[in-house]
Amino acid sequence: MLKNLKPLIGKIEGMLSRRYGHPKWSTSRPLMDVLVETILSQNTSDSNSRRAFLSLKKKYPRWDAVAGADIKSIALAIRSGGLANIKSRRIKELISFIVGKRGHAGLEFLKKMPREEAYQYLLAIKGVGPKTAACTLLFGAGIPVYPVDTHIYRISCRLGWVKRKEDRESFQERFRKLVPDKMAYSLHLNLIEHGRRICHPRKPECPGCCLIKVCNWKEKIHDAKH
Ligand code: SF4
């Protein structure tokens, strides 16, 4: 299956879009907001990270202020998102880095950069990994860099897209170059939706899955009989 991955990606994107619809690509939010919210979304639910984000924005309406803020105050503001001590340090460090380089906490200039340059710029910031960099560009700048989170990685493993011993980050690095630009947004969102509704971490609902015919997961046959 790995050899013919490119045509298969289009086929699967079509199957998922027929099942879950074509998500409208929205990039109306400031890039800094998307970056901070992506950091806050790590290891927690959407509702918790959203609450933490809104609380942080309320406390620091301007991101520049976070660069000079006390880490404990930042942690207090984002405590609903979990891992507050780690995330507060990370957010302060990355905002300080951007302020130090650009004079203010803004990333809108990335929209005018070539894709790879913008991606590498974000990766050079301490605390920003490949998934965060890709999400920031995809959701904040409309630049199609395909992000692989834990749910997408799990489904991709089951579909047979991931090579042996290929970790999530290496997979993203290889796979993002195979996803056609116009499909990056919908494939990402619809695979996440698929993971939530059908391809659960523990008990995927293979018998009702729209991808069963193209999925490589050997357990699916067993499941489909029951
Ligand atoms: S067939 Fe099963 S394992 Fe494969 S994508 Fe569908 S739900 Fe997931």
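These notebook entries record what I looked up in a predicted model of one protein.

**Conventions.** I number residues from 1 along each chain as its sequence is written.

**Confidence.** I first looked up pLDDT, the predictor's confidence in each residue, from 0 to 100. The protein averages 92, and 95% of the residues score at least 70. I took helices from DSSP runs (H or I, at least four residues), numbered from the N terminus. Confidence is highest in helix α7 (residues 115–123), at a mean of 97, and lowest in helix α12 (residues 219–224), at 55.

I call a residue buried if 20 or more other C-beta atoms, placed from the backbone, lie within 10 Å of its own. This core holds 58 residues, and Ile95, Leu137, Leu138 and Val145 touch the most other members. The core lies between domain 1 (5–23 + 147–224) and domain 2 (31–141), because both give residues to it. The domain bounds come from an automatic or database domain assignment. For contacts I required C-beta atoms, placed from the backbone, within 7 Å. Beyond four places in sequence, Val145 is in contact with Arg115, Tyr119, Ala134, Leu137, Leu138, Arg176 and Ala184.

**Ligand shell.** Of the 14 residues around the ligand, Cys199, Pro204, Cys206, Cys209 and Cys215 come nearest. Helix α9 (residues 150–159) gives the largest share of the shell, three residues. I find 11 nonpolar residues in the shell, three charged and no polar.

**Cys199.** I located Cys199 in the loop between α11 (181–197) and α12. Cys199 counts as buried because 23 C-beta neighbours lie inside 10 Å. Leaving out residues up to four places away in sequence, Cys199 touches Ile155, Arg158, His194, Pro204 and Cys209.

**Ile152.** I found Ile152 in helix α9. Ile152 is also buried, with 23 other C-beta atoms within 10 Å. Not counting residues up to four places away in sequence, Ile152 touches His188, Leu191 and Ile192. From C-alpha to C-alpha, Ile152 is 9.9 Å from Cys199, at a separation of 47 residues in sequence. Ala77 lies 30 Å from Ile152, C-alpha to C-alpha, and 75 residues away in sequence.

Conventions
Predicted model: local features only at pLDDT ≥ 70, side-chain atom pairs only at ≥ 80, totals over all residues. Helix = DSSP H or I, 4+ residues; strand = E, 2+ residues; numbered from the N terminus. Core = buried A, V, L, I, M, F, W, Y, C linked by C-beta atoms within 7 Å. Buried ≥ 20, exposed ≤ 12 C-beta atoms within 10 Å, placed from the backbone. Contact = placed C-beta atoms within 7 Å. Near = placed C-beta within 6 Å. Nonpolar A, V, L, I, M, F, W, Y, C, P; charged D, E, K, R; others polar.
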